[in-house]
Amino acid sequence: MNEGSTQGQIANVLTEFSQSLAAFWTDLGDLAEDTVVVTMSEFGRTARENGNRGTDHGHANVMFVMGGPVKGGKVYGRWPGLDPSQLYEGRDLALTTDFRQVLGEAVYSHLGNKSLNEVFPGFENQTGKFLRLLA
């Protein structure tokens, strides 16, 4: 693919992204134990390349959560796989977790805002749907 695998546009951007997060974390010092950082993008990339040997905007993506209260070291959610039969429309990652579940848990558990219906109107974000990624 034109994006490259370990070298290329996406790899370079992700290197900068991870270095920025590491620097931020270092700068937080002792405050890191009381901090939760959630990263997300408004779109993902398709798993299959397009006719130009690149990828199109996809509808599923990864979220990274880090912080002192985070029960880390694992992947949360369901991974459907990359087999064409497991992909959305045969080319895109299948959406398995609504981002509001992750953000809702951070808002509810870490920030202490129990009014999730006001934060995410119309979304039934009940505590039972949390992924339990925060201590």
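Mentor: Ser20 is found in helix H1. Helices (H or I, at least four residues) and strands (E, at least two) are DSSP runs, numbered from the N terminus. The model is predicted, so local features need pLDDT of at least 70 and side-chain atom pairs pLDDT 80 or more, while totals for chains, interfaces and linings use all residues. Residues are numbered from 1 along each chain as its sequence is written, and side-chain values use heavy atoms, with hydrogens and water left out.

Stay with Ser20. Its relative accessibility is 46%, so Ser20 counts as partly exposed; buried means under 20% relative accessible area, exposed over 50%, and partly exposed in between (1.4 Å probe, protein chains only). From Ser20 to Pro69 is 49 residues in sequence and 20 Å in space, C-alpha to C-alpha.

Now the whole helix. H1 has 20 residues, which at 1.5 Å a residue should span 28 Å. The expected span is 1.5 Å times one less than the number of residues. The end C-alpha atoms of H1 lie 29 Å apart, which agrees.

Next, its two sides. Ala11, Leu21 and Leu28 are the buried residues of H1. Viewed down the helix axis, these buried residues fall within an arc of 110 degrees, so they line one face of H1. The arc is that of the directions from the helix axis to the C-beta atoms. The face of H1 turned away from the buried side carries exposed residues: Gln9, Val13, Glu16, Gln19, Thr26 and Asp27. An α-helix has 3.6 residues a turn, so residues three or four places apart point the same way.

H1 also takes part in the largest pocket. That pocket has a volume of about 1700 Å³. Its lining comprises 49 residues, and Ala60, Asn61, Val62, Met63 and Phe64 are the closest to the pocket centre. H1 gives the most, with six residues. On a 1 Å grid over the protein atoms alone, a pocket is an open set of points where a 1.4 Å probe fits, with protein on both sides within 12 Å along at least five of seven lines; lining residues have an atom within 4 Å of a point. Points are joined across faces, edges and corners, and the volume is the space filled by probe spheres set on them.

What is the lining made of? It divides into 27 nonpolar, 15 polar and seven charged residues. Here Ala, Val, Leu, Ile, Met, Phe, Trp, Tyr, Cys and Pro count as nonpolar, Asp, Glu, Lys and Arg as charged, and the others, Gly among them, as polar. Where does the pocket lie? Domain 1 (1-93) and domain 2 (98-134) both give residues to its lining, so the pocket lies between them. The domain bounds come from an automatic or database domain assignment.

Step back to the chain. Its secondary structure comes to three helices and four strands. Along the sequence, the pattern is α-β-β-β-β-α-α. The C-alpha atoms fill a box of roughly 50 × 35 × 25 Å, taken along the principal axes. Buried residues make up 27% of the 135 residues.

Strand S1 (residues 36-39) holds Val36. With a relative accessible area of 18%, Val36 is buried. Val36 and Val70 are 34 residues apart in sequence and 7.2 Å apart in space, C-alpha to C-alpha.

Now the loop between S4 and H2. Asp83 lies there. Asp83 is partly exposed, at 39% relative accessible area. Asp83 and Ala47 are 36 residues apart in sequence, with 9.8 Å between their C-alpha atoms. Glu89 is in the loop between S4 and H2 too. Glu89 is not a glycine, yet it has a positive phi of about 55 degrees. At 65% relative accessibility, Glu89 counts as exposed. Gly90 is found in that loop as well. Its relative accessible area is 34%, which makes Gly90 partly exposed. Gly90 and Gly112 are 22 residues apart in sequence and 41 Å apart in space, C-alpha to C-alpha.

Last, Arg132, in the segment after helix H3 (116-119). Arg132 has a positive phi of about 65 degrees, although it is not a glycine. At 44% relative accessibility, Arg132 counts as partly exposed.
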